[in-house]
Each structure stands twice: as structure tokens, then as C-alpha cells.
Amino acid sequence: MQSLEESFMLIALEEAKKALPLDVPIGAIITDSNNKIISKAYNLREKNQSSLDHAEIIAIKQACQILQNWRLDNCKIYITLEPCLMCTGAIIESRISTVIFGAYNDLSPTSNFLIKKDIKVYGGILEKNCLNILKSFFSSKR
């Protein structure tokens, strides 16, 4: 039986697949305090030619519009890859309470920044699945 976190991570993985074949397949979803999905997104950097169009940033923007509030208190974000420094800053500024990610990001381990801001962090959820889609993408590029 899947946990709630695994179920939501599977949805984030479905979002990540939408980025293929152009962009790094990273997906993100945000849930409210009732565990209702309020936004879903995937990387659009290549399509939009914008270094800011990470899945997390897009999901945060959508959630703010839907809730009509920049404060995403009591919301959780599920991301297929540990967030980069830019996305970590956006998560902190939006006041998201919990970050759940799949694969660890050796290039940008930012979990410690989040924990210092009293944000709950859970990593390694469906890590193998999240790593596989990334490895497949990068092996096709080399």
C-alpha cells in the first residue's frame, strides 16, 4: 500500500514526464492543509527560454494565484528532485511548511537551508523512480 507521500510523488513524476524530451524532467505539486492538490507544474526552461521556469517556481506562482495569497502557510510541495538554491529561496519566501522530494541533488544540496528555516523536509520518496527518469534523460543527451 502506498503512503500519501508516495501517491503525491507519483503525480509529480507524471508532471516531470511532460517536460520530456526538451527539458530536464522535474515535476512539482503543491497541496493545501487538507491534502488537496492546488497546483502542478514541470520544467519549462527550454520551451519558454527562461532560466526561471523551474517546476517549483511555476507551481508556487500557480498556488499563489489560486489561493490569492503569496503566503502558502500549511502547504506542502512535492518535487521529484531536491530543490536548487533559487527554488529553495522561493519555497522559504512563500512560507511553504513542508518539502517532500524524491532524488537527492548532489549539485545543490539545499535541505539544510530549509531545515534552518523550520521547514519540514523529507527526502528520498520514490527516489529510484525519480532518479531513473533523470538518468534516462541525461543518457539520451550524451
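1. A word to start with: a residue is buried if its relative accessible area is under 20%, exposed if over 50%, and partly exposed in between (1.4 Å probe, protein chains only). Phe 101, at 1% relative accessibility, therefore counts as buried.

2. Please keep in mind that this is a predicted model, where local features need pLDDT of at least 70 and side-chain atom pairs count only at pLDDT 80 or more, while totals for chains, interfaces and linings use all residues. Residues are numbered from 1 along each chain as its sequence is written, and side-chain values use heavy atoms, leaving out hydrogens and water.

3. Now to the rings. Two rings of Phe, Tyr or Trp (its six-membered ring) form a pair if their centres lie within 6.5 Å; planes under 30 degrees apart are stacked, over 60 edge-to-face, and the rest tilted. The count by this rule is three aromatic pairs. One of them joins Phe 101 and Tyr 104, edge-to-face, at 5.0 Å centre to centre and with 85° between the planes. Tyr 104 is partly exposed at 43% relative accessibility.

4. Phe 137 and Phe 138 are also edge-to-face, because their ring centres are 5.1 Å apart and their planes stand at 75°. Phe 137 is buried at 6% relative accessibility, whereas Phe 138 is partly exposed at 31%.

5. Next, have a look at helix H4, residues 85–94. (Helices, H or I with at least four residues, and strands, E with at least two, are DSSP runs numbered from the N terminus.) Which residues of H4 are buried? They are Cys 87, Thr 88, Ile 91 and Ser 94. These residues lie on the same side of H4 because they cover an arc of only 135° around the axis, taken from the directions from the helix axis to the C-beta atoms. The face turned away from that side carries the exposed residues Leu 85 and Glu 93.

6. What covers the buried residues of H4? The cover includes helix H3 (55–67), strand S3 (76–81), strand S4 (98–103) and helix H5 (111–116), where contact means heavy atoms within 4.5 Å.

7. Finally, the charged pairs. A salt bridge is a side-chain nitrogen of Lys or Arg within 4 Å of a carboxyl oxygen of Asp or Glu, and the count is three. Among them, Asp 23 and Arg 45 have their closest N and O atoms 3.2 Å apart. This pair links distant parts of the chain, with Asp 23 in the loop between H1 and strand S1 (27–31) and Arg 45 in helix H2 (residues 45–48), 22 residues apart. Asp 23 is buried at 2%, while Arg 45 is partly exposed at 27%.
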